[in-house]
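Please keep the sequence and the model at hand while going through the numbered points.

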Amino acid sequence: MAQDMTLLWCSGSPPCWRVMIALEEKKLQGYNSKLLSFEKMEHKSQQVLDINPRGQLPSFKHGNIVVNESYAACFYLESQFKSQGTKLIPDGTEEQALMYQRMFEGLTFYDKLSAAIFYDYYVPEGERLESALKRNKEALVTELKLWEGYLEKLGSGSYLAGKSLTLADVIVFPTVATLFIFGLSAERYPKLGEYYALMKERPSVKASWPPHWPENLMGQDTLKDM
Ligand SMILES: N[C@@H](CCC(=O)N[C@@H](CS)C(=O)NCC(=O)O)C(=O)O
């Protein structure tokens, strides 16, 4: 069924991972999956540019339809395959509102994470400032406290918008996983730690786990003092 779908992606990219989790949850296994190398600049190859003029990953095609933006691809998959696999948009008014709220706050969360851990990638060498990196890390701490509070309010074993998995989890979980891979302490952020553990067990997450994240990368300590 998914043979007419193609996903170009790179390992460890939260935007790519969102789409992969959505495909798994919607039972769309069997799509054409092409792992590209960021280091080799394959995201700027003709193969990508033909689908995505921005030269970014994910790049996603279903038949002749192109939906590259990760949020858009997740919404598209849910609306095209509504009755297949996990229902990702809840019917309940409150749960649905919370899902929308959290998934779009997820953009800010991802920006704050990126500014703290990919600082050297985004800022050229001569323009880097210790004070700016410190400020970015402080902004991430403020953000982390917000999400810790959201999860605390929902209670143990909850997903981001309530008792069931929704698009908010599909979209925000890769950000949370990246935090822990980069050394965030589950002792300091126990609710986020619990949520990470809950999501890690989902077959969709296991099936799409970034291949370059073996256990031996867990020692990364960029965020250990946050
Ligand atoms: N808004 C896009 C962002 C995609 C994105 O930034 N992808 C990164 C990989 S994580 C990329 O391809 N960066 C290369 C570039 O921007 O040139 C989405 O959510 O799909």
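1. Does Met 41 count as buried or exposed? The model is a predicted one, and in it Met 41 has 11 C-beta neighbours inside 10 Å. A residue is called exposed if 12 or fewer other C-beta atoms lie within 10 Å of its own, and therefore Met 41 counts as exposed. Its place in the chain is the loop between β2 and α2. The backbone of Met 41 also deserves attention, for this residue has a positive phi of about 60° although it is not a glycine.

2. Lys 27 is not a glycine either, and yet it has a positive phi of about 60°. Lys 27 is found in the loop between α1 and β2. There are 14 other C-beta atoms within 10 Å of Lys 27. A residue is buried at 20 or more such atoms and exposed at 12 or fewer, so Lys 27 is partly exposed.

3. The pairs of strands may then be taken one at a time. Strand β1, residues 5–9, pairs with β2 in the parallel sense over four bridges. Across this pair, Leu 8 stands opposite Lys 34 in β2. β1 and β3 run antiparallel and are joined by four bridges. β3 and β4 also run antiparallel, and two bridges join them. The hairpin of β3 and β4 has two residues between the strands, and in this hairpin Gly 63 takes a positive phi near 60°.

4. Leaving aside residues up to four places away in sequence, His 62 touches Asp 4 and Met 5. His 62 has 18 other C-beta atoms within 10 Å and is therefore partly exposed. For a sense of distance, consider Glu 152, which is 90 residues from His 62 along the chain: the C-alpha atoms of these two residues are separated by 39 Å.

5. Leu 57 and Pro 58 are joined by a cis peptide bond, with omega about 10°. Pro 58 is placed in the loop between α2 (46–49) and β3. Both Leu 57 and Pro 58 are among the residues around the ligand.

6. By residue class, the shell around the ligand divides into four nonpolar, five polar and one charged.

7. The division of the chain into domains can now be considered. The domain assignment gives domain 1 (2–80) and domain 2 (93–217). Their centres, taken over C-alpha atoms, are separated by 21 Å. Domain 1 gives 13 residues to the contact and domain 2 gives 16 residues. On the side of domain 1 that touches domain 2, the elements that give two or more residues are α1 (14–25) and α3 (70–80). The largest share of that side, eight residues, comes from α1. The residues of that side divide into seven nonpolar, two polar and four charged.

8. A record may be set beside the model. In an unreviewed entry, UniProt lists residues 3–85 for "domain: GST N-terminal". Over residues 3–85 of the model, the chain is 33% helix and 18% strand. The C-alpha atoms at the ends of this stretch are 17 Å apart.

Definitions and conventions
Residues numbered from 1 in each chain as written. Predicted model: local features only at pLDDT ≥ 70, side-chain atom pairs only at ≥ 80, totals over all residues. Near = placed C-beta within 6 Å. Nonpolar A, V, L, I, M, F, W, Y, C, P; charged D, E, K, R; others polar. Pairing = 2+ DSSP bridges. UniProt positions renumbered as here; feature names shortened; annotations may be inferred. Domains from an automatic or database assignment. Contact = placed C-beta atoms within 7 Å.
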